[in-house]
Amino acid sequence: MSETVKTSQTLSAVLDRILTLEIVRVTERAAVAAARQRGRGDEKAADQAAVDAMRRELNRLPIRGTVVIGEGERDEAPMLYIGEEVGTNEGPVVDIALDPLEGTTICAKDLPNSLAVIAIAEGGSLLNAPDVYMDKIAVGPGYPAGLVSLDASPADNIKALAEAKGVPIGEVTACVLDRPRHAAIIEDVRAIGAGIRLIGDGDIAGVIHTTDPEETGIDIYIGIGGAPEGVLAAAALRCIGGQMQGRLILDTEEKRERARKMGIDDAERIYSMEEMARGDVLFAATGVTDGNLLSGVRFGKKTIMTETVVMRSSTQTVRWIKAEHRTLSKFQ
Ligand code: VTB
């Protein structure tokens with residue numbers, strides 16, 4: 001058996017047996033810290049609390065991890081910046097994509113679907129994307145490959161989806177971030193009679209929601225959001241199934257230069273879900289505020305309750321973990 005095979009088997013075993021539970025702790029802690037700031041109107045305080053907690057927990061994991069999607073590029077983020085090394089420095093070499101508080105504004109206003117999110121994959125297998133915008137399209141599992149494409153118009157994508165699903169166009173709902181930049185998409189989609197769920201923030205949740213339309217009422221995600229959130233969403237979809245494409249918006253020389261430094265030379269390239277998150281990927285998200293798929297953190301008299309989904313691409317196992325935490329000192 002060659003060294004490489006041995007290493008990847010070891011990594012696989014570690015991802016499965018150890019990290020699946022370990023990463024739940026990481027998102028749980030971040031979610032609880034953020035939830036203490038829920039509804040306080042202070043986005044920065046909520047984000048900082050989540051970052052501190054996530055970093056503390058990550059540094060206890062038996063990994064040699066590099067943050068490839070993080071709080072920002074080194075000069076703008078003091079903690080969990082892109083390139084920061086985390087973990088105990090023993091164990092497998094892994095790439096980490098994280099968003100300790102996805103939807104800081106949602107959390108500050110205590111609106112639905114803010115999450116603490118992380119993805120872990122073998123070193124070198126997550127797209128190193130700069131913190132720019134990304135054009136995204138995503139649908140859930142069960143459709144023929146290549147059904148939707150960033151090269152097609154939103155209307156054509158929705159028509160194709162309605163046909164594949166076997167429903168009238170009027171029964172399709174697209175999730176779109178509520179931003180002026182999406183006026184044309186919104187018009188295009190409404191003109192053919194489909195519905196739009198406008199969300200204020202939180203497009204990782206928006207993408208994940210396409211995987212369970214019966215529960216969420218969302219069939220397709222379309223529009224421009226953060227590139228880091230795009231890679232995290234791709235990691236999640238790799239585990240649950242579905243299709244996604246992303247294209248970085250590198251519309252200035254400065255952005256193209258930042259991308260080049262991360263190894264991206266083709267500014268127009270469309271990335272498939274598999275190109276954004278390759279190999280065996282673990283993904284976990286804990287609800288901070290209540291949402292369609294996950295309840296938010298609940299503070300009881302003697303317990304703190306959290307709800308987390310943790311999944312793995314190679315086995316497509318999706319675990320829902322409702323936890324009652326009684327050692328509250330751990331969450332101080
Ligand atoms: C999205 C969304 C995030 O940023 O990526 C969005 O998922 C895009 O940026 O929750 P703008 O807010 O600049 O439009 C967030 O809303 C915040 O990070």
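Predicted model: local features only at pLDDT ≥ 70, side-chain atom pairs only at ≥ 80, totals over all residues.
User: Which residues of H4 are buried?
Analyst: In helix H4, the buried residues are Pro154, Ala155, Asn157, Ile158, Leu161 and Ala162. These residues cover an arc of only 160° around the axis, which puts them on the same side of H4.

User: Why would residues spaced like that point the same way?
Analyst: An α-helix has 3.6 residues a turn, so residues three or four places apart point the same way.

User: How far apart are the end C-alpha atoms of H4, and what should its residues span?
Analyst: The 12 residues of H4 (residues 154-165) should span 16 Å at 1.5 Å a residue, and the end C-alpha atoms are 16 Å apart, which agrees. H4 is followed by glycine 166, whose phi is positive, near 80°.

User: Switching to aspartate 219, where does it lie, and is it buried or exposed?
Analyst: Aspartate 219 lies in the loop between helix H7 (213-216) and S8, and because its relative accessibility is 3%, against a cut-off of under 20%, it counts as buried.

User: What does its side chain reach?
Analyst: The side chain of aspartate 219 reaches the backbone nitrogen of threonine 173 at 2.8 Å, and a polar contact of 2.6 Å joins it to the side chain of lysine 165. Leaving aside neighbours within four places in sequence, the residues in contact with aspartate 219 include Ala138, Val139, Gly140, Leu161 and Pro213.

User: And serine 114, which loop is that in?
Analyst: Serine 114 lies in the loop between helix H3 (104-109) and strand S4 (115-122), and at 0% relative accessibility it counts as buried. Its contacts, again leaving aside neighbours within four places in sequence, include Leu101, Ile106 and Cys107, as well as Thr286, Gly287, Val288 and Thr289.

User: Where is alanine 233 found?
Analyst: Alanine 233 is found in helix H8 (residues 227-240), where it is buried with a relative accessible area of 1%. Beyond its neighbours within four places in sequence, alanine 233 is in contact with Ile204, Val207 and Met244.

User: How far is alanine 233 from alanine 138 in sequence and in space?
Analyst: Alanine 233 and alanine 138 are 95 residues apart in sequence, and their C-alpha atoms are 9.2 Å apart in space.

User: Back to helices, which residues of H2 are buried?
Analyst: Ala46, Asp47, Ala49, Ala50, Val51, Ala53, Met54, Glu57 and Leu58 are buried in H2. At the start of H2, a side-chain oxygen of aspartate 42 reaches to within 3.3 Å of the backbone nitrogen of lysine 44.

User: What about H9, which residues are buried there?
Analyst: In helix H9 (residues 253-261), Lys255, Arg258 and Ala259 are buried. They cover an arc of only 100° around the axis, which puts them on the same side of H9. Just after H9, glycine 263 takes a positive phi of about 90°.

User: Last one, how many aromatic pairs does the structure hold?
Analyst: The structure holds zero aromatic pairs, although arginine 181 lies over the face of tyrosine 133, at 4.5 Å from the ring centre.

Definitions and conventions: Residues numbered from 1 in each chain as written. Heavy atoms only, no water. Phe/Tyr/Trp six-rings, centres within 6.5 Å; stacked < 30°, edge-to-face > 60°. Lys NZ or Arg CZ within 6 Å of the ring centre and 35° of its normal. Helix = DSSP H or I, 4+ residues; strand = E, 2+ residues; numbered from the N terminus. Expected span 1.5 Å × (residues − 1). Buried < 20%, exposed > 50% of the residue type's maximum accessible area, 1.4 Å probe, protein only. Arc of directions from axis to C-beta. Polar contact = N/O pair within 3.5 Å; in protein donor to acceptor, adjacent residues only side chain to side chain. Contact = heavy atoms within 4.5 Å.
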